[in-house]
Amino acid sequence: MGKLIITDHPLIQHKLTIMRKKETSSSDFRSLVTEIATLMGYEVTRDLELQDVEIETPLMKTTGKEISGKKLGIVPILRAGVGMVDGFLSLVPVARVGYIGLYRDPETLKPVTYYNKMPSDVASRTMIVLDPMLATGGSLIEAVNELKATGATSIKAVCILGAPEGVEAFQKAHPDVDLYLAAIDEKLNDHGYILPGLGDAGDRIFGTK
């Protein structure tokens, strides 16, 4: 079973509170998304494999550590997930970036993929899917479906806020994928918004309505 990890560091919780405030500007909201993504990234990359490497300091030769094993791929779900990319790239600038675009079918209400652009070597990478909000879980489930269909075998999912309904649905659909959240809120309302939530993350990141 994939792990559920709540990254409840005090700095993350403090920044999340500011994000929730309705008076927080789009500019500040964008900065906070990047900052939280960076802080969450430390936890998401905690289990990266290391190997010894011989180096020379200005004083002597010594043995240091460097990252080995699987390389990383970052996959934001368009459009709100784009706001989290810079936070992860600041930690792992050599990571490859793929994109998945989804829209909700007005009749079935299910997510439909309209864009999928991935690195050619997803099978040899740990792919990290980014989306600020995990509401019903439909978009994140479909994004991971797409990744698996392209050959990815090592996948992690990272969201800032989640609803209990979405967490349950995602873990049922993808029990092999670790899920990272900064917080789990109370519930979804009748329109599928997380309560108390922070509104529409995409609109608040990009200043649209």
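Reader: What makes the largest set of nonpolar residues a core, and which residues have the most contacts inside it?

Author: The model is predicted, and its largest nonpolar core has 35 residues. The term applies because the members are buried residues of nonpolar types, joined through side-chain atoms within 4.5 Å. Those with the most contacts inside this core are M19, M40, F88, L130, V158, I160 and L198.

Reader: Which element supplies the largest share of this core?

Author: Helix 2 does, with seven residues. At least two residues each come from several elements, including helix 1 (10-20), helix 2 (26-44), strand 10 (154-162) and helix 6. Apart from this core lies another of 23 residues, among them V75, I77, A157 and C159.

Reader: What does L198 touch beyond its neighbours in sequence?

Author: Leaving out residues up to four places away, L198 touches L16, M19, R20, F29, M133, L161 and R204.

Reader: Why is K15 called buried?

Author: K15, in helix 1, has a relative accessibility of 18%. Buried means under 20%, and therefore K15 counts as buried.

Reader: How do you know that the side chains of K15 and E35 are joined by a polar contact?

Author: The contact between them is 2.8 Å. The cut-off for a pair of N or O atoms, one able to donate a hydrogen and the other to accept it, is 3.5 Å, so a pair at that distance qualifies. Beyond four places in sequence, K15 is also in contact with L32, I36 and L39.

Reader: Why is I5 called buried?

Author: I5 lies in strand 1 (residues 4-6). Its relative accessible area is 16%, and the limit for buried is under 20%, so I5 is buried. Residues up to four places away not counted, I5 touches E43, D178, L179, Y180 and L181.

Reader: How far apart are the C-alpha atoms of I5 and F29?

Author: They are separated by 23 Å, with the two residues 24 residues apart along the chain.

Reader: How much space lies in the largest pocket, and which lining residues are closest to its centre?

Author: About 820 Å³ lies in the largest pocket. Of its 32 lining residues, R104, D131, A135, S139 and D200 are the closest to the centre. Among the elements that each supply at least two lining residues are strand 4, strand 6 (99-104), helix 4 (138-149) and helix 6.

Reader: Which residues does the UniProt annotation "binding site" cover?

Author: According to the unreviewed UniProt entry, the annotation covers I194, G199, D200 and A201. The lining of the largest pocket includes I194, G199, D200 and A201.

Reader: Where are D200 and A201 placed, and what do they touch?

Author: D200 is in the loop between strand 13 (194-195) and helix 6 (201-206), while A201 is found in helix 6. Residues up to four places away in sequence aside, D200 touches R79 and Y193, and A201 touches F29, A80, P132 and M133. A polar atom of the D200 side chain lies 3.0 Å from the backbone nitrogen of G202.

Terms used: Residues are numbered from 1 along each chain as its sequence is written. This is a predicted model: local features need pLDDT of at least 70, side-chain atom pairs count only at pLDDT 80 or more; totals for chains, interfaces and linings use all residues. Side-chain values use heavy atoms; hydrogens and water are left out. UniProt positions are given in the numbering used here, feature names are shortened, and annotations may be inferred rather than shown by experiment. On a 1 Å grid over the protein atoms alone, a cavity is a set of points where a 1.4 Å probe fits but cannot get out, and a pocket is an open set with protein on both sides within 12 Å along at least five of seven lines; lining residues have an atom within 4 Å of a point. Helices (H or I, at least four residues) and strands (E, at least two) are DSSP runs, numbered from the N terminus. Contact means heavy atoms within 4.5 Å. Buried means under 20% relative accessible area, exposed over 50%, partly exposed in between (1.4 Å probe, protein chains only). Grid points are joined across faces, edges and corners, and a volume is the space filled by probe spheres set on the points.
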